[in-house]
Amino acid sequence: MYKELSYNHFDSNIDFYGQEVCTPNFTFVGKNVREHYVLHFILKGTGKFTLPGRDAVTLTTGDMFLLPKGVPIFYQADWENPWQYIWIGFSGMRITEMFERSNLLETGYVKNATDSQFCQTFHELFQVLHNFTNVNADVWTESLVYKMFFHLLEEFPKAGFKQTPTSEIYFKQATSYIWDNYQNRINVTALCDYLALSRSYLHSLFQKYAKLSPQQYLLQVRMERAKQLLRESDTQLALISTAVGYKDYFTFSKAFKKYVGVSPKVYRQAQI
């Protein structure tokens, strides 16, 4: 049984879930490198699980294992006592961060997980997904996702892990958004909406980590990219202005001269 699910909440997504009663020696023959994190719980039976560069381990009833995103994994049901398991597929930046803070991403599995709060919440989440048509299922699902990861980090933390401050994570998300979209006519309002942050808090983040305002940072990205294009290409000036997010050349030229001290045309001539 396999079912896809359209549950998206900011950077924590549930993409699918399912259950498998494996035949003897069954192994997954699809794409070996996945685009999701797929968390499994073994209901009964036995099988082998292998991370790259590690010896195979035998997992059995009550154990959990993780298929990490972007990592080739081999796992196979036992010949005599093939396993049965359930799974949930996750994706999103926040999901990646939470798995990275746990020991599960490093080891790939948890033995005798049944009595852990992490495992019990996983089962509760799995049951809720079967009833996702409930009018309040999305709220319930969201709360269980974070409850499950809370227990994962409490019960199976990564040794010596130093948590990245939430403010730094927001700043990295903001700068990534700017670099991905500077060629479009984005502004600070769009950035605030994307991150669901207030203008004042966003401004404080950029002052703390970049010593610039968000608008100044966006301007810097655009101007430095424009300088690169002027130095390294013969692209028309009007096209360069469009390529760095300006609706017309006059506005771009005025901003460039204020930033660099000379017009784009003079700057290009000076590079020859």
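A polar contact is a pair of N or O atoms within 3.5 Å, and within protein one of the two must be able to donate a hydrogen and the other to accept it. In this predicted model, the side chain of H40 makes such a contact with the backbone oxygen of V38, at 3.3 Å. The protein chain has 272 residues, 43% of them buried, and contains 11 helices and 9 strands.

**Chain overview**

- The accessible surface of the protein chain is about 14800 Å².
- Carbon and sulfur atoms account for 52% of that surface.
- Of the contacts between residues at least 6 apart in sequence, 69% join residues at least 24 apart.

**H40, in a strand**

- H40 sits in strand β3, which spans residues 37–44.
- The relative accessible area of H40 is 2%; buried means under 20%, so H40 is classed as buried.
- Setting aside residues up to four places away in sequence, H40 touches D63, M64, F65, L67, Y75, Y85, I86 and W87.

**T121, in a helix**

- T121 belongs to helix α3, residues 117–129.
- With a relative accessibility of 2%, T121 also counts as buried.
- The T121 side chain reaches the backbone oxygen of Q117 at 2.8 Å.
- Beyond its neighbours within four places in sequence, T121 contacts L144, K147, M148 and H151.

**Packing of α5 and α7**

- Helix α5 covers residues 166–181 and helix α7 covers residues 199–209.
- The two helices pack at an angle of about 95°, and their axes are 10 Å apart.
- Angles of 65 to 115 degrees count as roughly perpendicular, therefore α5 and α7 are described that way.
- On the α5 side, the contact is made by S167, E168, Y170, F171, A174, T175 and I178.
- On the α7 side, the contact is made by Y201, L202, L205, F206, K208 and Y209.
- By class, this contact has 9 nonpolar, 2 polar and 2 charged residues.

**D138, partly exposed**

- D138 is part of helix α4, which runs over residues 137–155.
- The relative accessible area of D138 is 38%, which makes D138 partly exposed.
- D138 and V128 are separated by 10 residues in sequence, and their C-alpha atoms are 9.3 Å apart.

**Loop residues with positive phi**

- A196 is not a glycine, yet has a positive phi of about 55°.
- A196 is located in the loop between α6 (188–195) and α7.
- A196 has a relative accessible area of 53%; exposed means over 50%, so A196 falls in the exposed class.
- K211, which is not a glycine either, has a positive phi of about 60°.
- The loop that holds K211 lies between α7 and α8 (214–232).
- K211 counts as exposed, at 63% relative accessibility.

Note on methods
Residues are numbered from 1 along each chain as its sequence is written. This is a predicted model: local features need pLDDT of at least 70, side-chain atom pairs count only at pLDDT 80 or more; totals for chains, interfaces and linings use all residues. Side-chain values use heavy atoms; hydrogens and water are left out. Axes are lines fitted to C-alpha atoms, for helices over the stretch in contact, and angles run from 0 to 180 degrees between N-to-C directions. Helices (H or I, at least four residues) and strands (E, at least two) are DSSP runs, numbered from the N terminus. Angles under 35 degrees count as roughly parallel, over 145 as roughly antiparallel, 65 to 115 as roughly perpendicular and the rest as oblique. Contact means heavy atoms within 4.5 Å. Ala, Val, Leu, Ile, Met, Phe, Trp, Tyr, Cys and Pro count as nonpolar, Asp, Glu, Lys and Arg as charged, and the others, Gly among them, as polar. Buried means under 20% relative accessible area, exposed over 50%, partly exposed in between (1.4 Å probe, protein chains only). Accessible areas come from the Shrake-Rupley method with a 1.4 Å probe; for residues, only the protein chains shown count as cover.
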